[in-house]
Amino acid sequence: MEDKTTKKYLSFKEIAAYSLGLFGFQAIVGLLNSYQAEFDASILGADIAVVGILILIAKIVSAVADPVVGNLVDRSNSKLGKFKSMIVYSIAPLLIMSAVIFIDVPFKNNGIVTYIWIFVTYLIWSIAMTMGDVPSQGIAAALTPNPTERTNVVSISNTFKQIGFSACVVIVPIVCLIIPEGSKVFVKKGETDTPMIATEYFFVALLTAVLGCALFALIPLINKERVITEANEKITAKDMVNALKGNKPLMLVIVSYFLGFGRQMAMGIQVQAANVLLGSQNLVAVLGIVTAIGSMISMALCPMLIKKLNEKRAYILLSVYGFAASILSFAVGHFWFKSPDNIVLTVLFYASLFLIGLQFGAVTLMPMIMTADCVDYYEYETGKRMEGAAYSILTLTIKVCLALGVALGLVFVGVSGYSDTVKAIEAGTATGFELKTKDIIFFAYTAVPGFLALISIIPMFRYDIVGDKKAKISAALAEKRDKE
C-alpha cells in the first residue's frame, strides 16, 4: 500500500489555480491596505490618523465573523466542499464592497457623517473578506495529506499571494496613465496630475476587484478537498477557546504573530512613505517592488530552508535577521535623506530595502505551514480535525495584526507632520518634507517592524511540532485514514 505521507496528489493545474486564486484575493486586500487611508484623507477629507483608528476598530468589531465563518466551515456538508462553498459565497460581496469603498460620496468633508460612512463600508468589506479568507487559508490543510507536498504548495501559493498583495503598486500607475486628461472631471482648477483623483481611485478599485475575484473563483472551480472529515457539531465560542487552550503549538503560533504585528506597518504606510521619501505617491511601485523581490526570493527558498533547519529554527533565524536588516536600513536611510544626491547612499538605501524583504516572505509563510501542522497535532491528540476553527483563529490574528500595524503606522504619519506638509506643498508654501518627517515615517517603515519581529521569536522557543514528532503525527494520521 502506498504511503500517503509521500504520495503526490496535486497536479500543476491545481497548484496554479490555488496560487492564482490567492494572488487575486490578496490583490484586493493589498489595495485596501495601501490606498484606502490615502483616499479617505485626500478625497473624502478625513483625518488620516482617525482613519487608522477606524480601520482598527472595524477589524476588531468584525472579528466576530472569523469564528462564525470557521464554525460554518467545520459544520458544512456541502457537496461542493466545506471550504469551496464558503469561498463561492464570498465573491459577490467582496467584489461589490471593494469598489463601494472608493466611491467619491457627495457628503464628503462632512465630519461625523463621513467617518460613519468610512467605518460602516469598511466593516462590511471586512466581513466579506473574512468569508473568503478563512476557507482559502484553511483549504491548504485539506488539499493533500502529504506534509511535504503541503509545505511546497503553501510556499508556492504564498509567493503568488505576496506578489498579489503588492499588485496595486503596478495597477495604479497603469490606470492613471490610461485615464485621459479630459475625463478627469474631479480635477480642480490648477490641480496637478501628481496626486490621484477620485476617478482614478474608483477605476483602480473596480479593475482590481473584478480581476481579483475572477482569479479567486479558480480555487473552488479547480481544486479538490482530499482530506475529508465528517462535519462537526455546532462549535461555540467557548469550544473554540478550549480548543485553542488544548492546542499549545497553535497558541504559540498565534501569540508569536501578535507580537510581530509591526511587520504589517510597512505596507500600511507605503503610499505615504513613497510620497515623503521619493517625492511622489505614484512612485510607491519603486518601494513595493524592491521589497517584494526580496520577499519572493525568500518564499521560493523557504521549503529548502525548512528542510535544512525546520520551521521553528527558520522562523527564529529570519526574525533575528529581519531585525538586523531593518535597523541597518533605517540608519542608511537617515544619512541618505541628508544627502539624496549621493550615489553610494542611494544604492545602499535600495539594497537595504531588498535585504528587509528577504525575511518578510518566509515569516509570512511559516505561520500558514505551522497552523496546518497544528491541525494535524490536534487531530492526533483528540481525534477532532478543526481546520475551520484553527484557520479562523489565524486569519483573525492576521487581520487584527494588519489593522494594528496600519493604525500604528498612520499614527506615526500623523505625528510626523505629513498631512500639514502635504497641504503646504499644495498651497505653494512648502517645497518638500523636512528631515524630521522623513525620519519618523521611515522609522515606522523599518525600525519598528524590526523591533517587533525580534520580540516575536520568544514564543517560538517552545514550539515543538517539528522533526521526528511531526513525522510521527503524519504517519499516525495516514494509518488512521487507511483504516477508515
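A search of the whole structure, which is a predicted model, finds 21 aromatic pairs. One of them is formed by Tyr122 and Trp125, and this pair is stacked, with 5.5 Å from centre to centre and 25° between the planes. I quote these two values because a pair of aromatic rings is described by the distance of the centres and the angle of the planes. The angle of 25° counts as stacked because the cut-off for that class is under 30 degrees. Where do Tyr122 and Trp125 lie? Both belong to helix 5, residues 112-138, and they sit 3 residues apart, about one turn of the helix. Tyr122 and Trp125 are both buried.

Aromatic residues also group together elsewhere in the model. Phe330, Trp336, Phe337, Phe349, Tyr350, Phe412, Phe442, Phe443 and Tyr445 form one aromatic cluster.

I turn now to a pair of helices. Two packed helices are described by the angle between their axes and the distance between the axes. For helix 4, residues 82-100, and helix 8, residues 198-216, the axes come within 8 Å and cross at roughly 170°. Helix 4 is therefore roughly antiparallel to helix 8, since angles over 145 degrees fall in that class. Which residues meet in this contact? From helix 4 come Ile87, Ser90, Ile91, Leu94, Leu95, Ser98 and Ala99; on the helix 8 side they meet Phe202, Ala205, Leu206, Ala209, Val210, Cys213 and Phe216.

Val276 is part of helix 13, residues 270-278. Is Val276 buried or exposed? Its relative accessible area is 3%, so Val276 is buried, the limit being under 20%. Setting aside neighbours within four places in sequence, Val276 is in contact with Tyr418, Phe433, Thr437, Lys438 and Ile441. As for Tyr418, 142 residues separate it from Val276 along the chain, while their C-alpha atoms are 7.9 Å apart.

The second residue is Leu317, in helix 15, residues 311-338. With a relative accessible area of 46%, Leu317 is partly exposed, because that value falls between the limits of 20% and 50%. Leu317 and Pro135 are 182 residues apart in sequence, and from C-alpha to C-alpha they are 30 Å apart in space.

Notes. Residues numbered from 1 in each chain as written. Predicted model: local features only at pLDDT ≥ 70, side-chain atom pairs only at ≥ 80, totals over all residues. Heavy atoms only, no water. Axes fitted to C-alpha atoms, helices over the stretch in contact; angles between N-to-C directions. Helix = DSSP H or I, 4+ residues; strand = E, 2+ residues; numbered from the N terminus. Parallel < 35°, antiparallel > 145°, perpendicular 65-115°, else oblique. Contact = heavy atoms within 4.5 Å. Phe/Tyr/Trp six-rings, centres within 6.5 Å; stacked < 30°, edge-to-face > 60°. Buried < 20%, exposed > 50% of the residue type's maximum accessible area, 1.4 Å probe, protein only.
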